[in-house]
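Let's walk through a protein model together, one step at a time. Keep the picture in view and look for each residue as it comes up.

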Amino acid sequence: MAKGKHAPAAGAVRDKVLHPNSRKIKKFQKNEIHRYNVGERKVVKGAGQKMSQLGERLAWFRDHLHAVVEETTISPESITASCILELVNGYLSRFDEELEQIKMKNSIGAKNKRRLHAPRQDAIEYTQKIERGEFEGCGLEMIDWFDEQTLEYFLNWGGEIRFLQNMKIARFNEKQLVQRIEDEKSRSSRDNMITDQPPPQDPTSKMDL
């Protein structure tokens, strides 16, 4: 045993306090800082990626809105639940043509050949599965189309992700939009019935006769 060092007595516990500036403490601190920084980067990256995906989706909606709105000039009044449903279905099928071309290329030639564009095909199919599942289930994230201020802002939005916070974001699923379409049809039918009714006659006109 080294000089000046004695083994602790049986049952005794040696109190060993590490100095704040010791190499071991600094190593612990360094490891914790690294873990914290890595965790923070993952959170920031994940949040940034989610906002980027939402921004791309909303930009697609904005660029293709004219295809589903009947009027030449797009206004909040011209955007109906039927337009939104058609727009979302178009968004969910935006990769169909590319996917069909990939499958067609792979169908040509030997059966055992390596799949062409396999990573791209897998990524598209995975994206479609997730987005379709959300739209049929909990809802796909998009702007609140039925909030007047949000819709007005969206129609003038330039596509900058940093301005997404100025719009109200909501989730809509297919069932909700179909129900809103039925409600719009019911309101339209009631309005037409009121318009078609003849105006009430003035009872004093008969008395004058």
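Start at Trp 145. Setting aside neighbours within four places in sequence, Trp 145 is in contact with Phe 61, Leu 65, Ile 79, Ile 84, Leu 87, Leu 151, Phe 154 and Phe 172. Here, contact means heavy atoms within 4.5 Å.

Before going further, a word on where this comes from. This is a predicted model, in which local features need pLDDT of at least 70 and side-chain atom pairs count only at pLDDT 80 or more, while totals for chains, interfaces and linings use all residues. Residues are numbered from 1 along each chain as its sequence is written, and side-chain values use heavy atoms, with hydrogens and water left out.

Now step back to the whole chain. The protein chain has seven helices and two strands, and from the N terminus on they run α-α-α-α-β-α-β-α-α. These elements are DSSP runs numbered from the N terminus: helices are H or I runs of at least four residues, and strands are E runs of at least two. Of the 209 residues in the protein chain, 24% are buried. Buried means under 20% relative accessible area, exposed means over 50%, and partly exposed is in between (1.4 Å probe, protein chains only). Among contacts between residues at least 6 apart in sequence, 69% join residues at least 24 apart.

Next, find the two strands. β1 and β2 pair in the antiparallel sense over four bridges; two strands pair if DSSP finds at least two bridges between them. For example, Leu 140 has Phe 172 of β2 as its bridge partner. In a regular strand the side chains alternate between the two faces of the sheet.

Now turn to a pair of helices. Two packed helices are described by the angle between their axes and the distance between the axes. For α2 and α4, the angle is about 160° and the axes are 10 Å apart. The axes are lines fitted to C-alpha atoms, for helices over the stretch in contact, and angles run from 0 to 180 degrees between N-to-C directions. The two helices are therefore roughly antiparallel to each other, since angles over 145 degrees count as such, while those under 35 are roughly parallel, 65 to 115 roughly perpendicular and the rest oblique. The contact is made by Leu 85, Val 88, Asn 89, Tyr 91 and Leu 92 of α2, and by Gln 128, Glu 131, Arg 132 and Phe 135 of α4.

What about charged residues? Side chains of opposite charge can pair when their charged atoms come close. A salt bridge is a side-chain nitrogen of Lys or Arg within 4 Å of a carboxyl oxygen of Asp or Glu, and by this rule the count is seven. In one of them, Glu 131 pairs with Arg 94, with the closest N and O atoms 3.0 Å apart. This pair links distant parts of the chain, 37 residues apart: Glu 131 is in α4 (residues 118–136), and Arg 94 is in the loop between α2 (81–92) and α3 (96–107). Glu 131 is buried, at 7% relative accessible area, and Arg 94 is partly exposed, at 26%.

Another salt bridge joins Glu 136 and Arg 132 (3.9 Å, N to O). Both lie in α4, four residues apart, about one turn of the helix. Glu 136 counts as exposed at 53% relative accessibility.

Finish at His 117, in the loop between α3 and α4. Most residues other than glycine have a negative phi, and most peptide bonds are trans. His 117 has a positive phi of about 55° although it is not a glycine.
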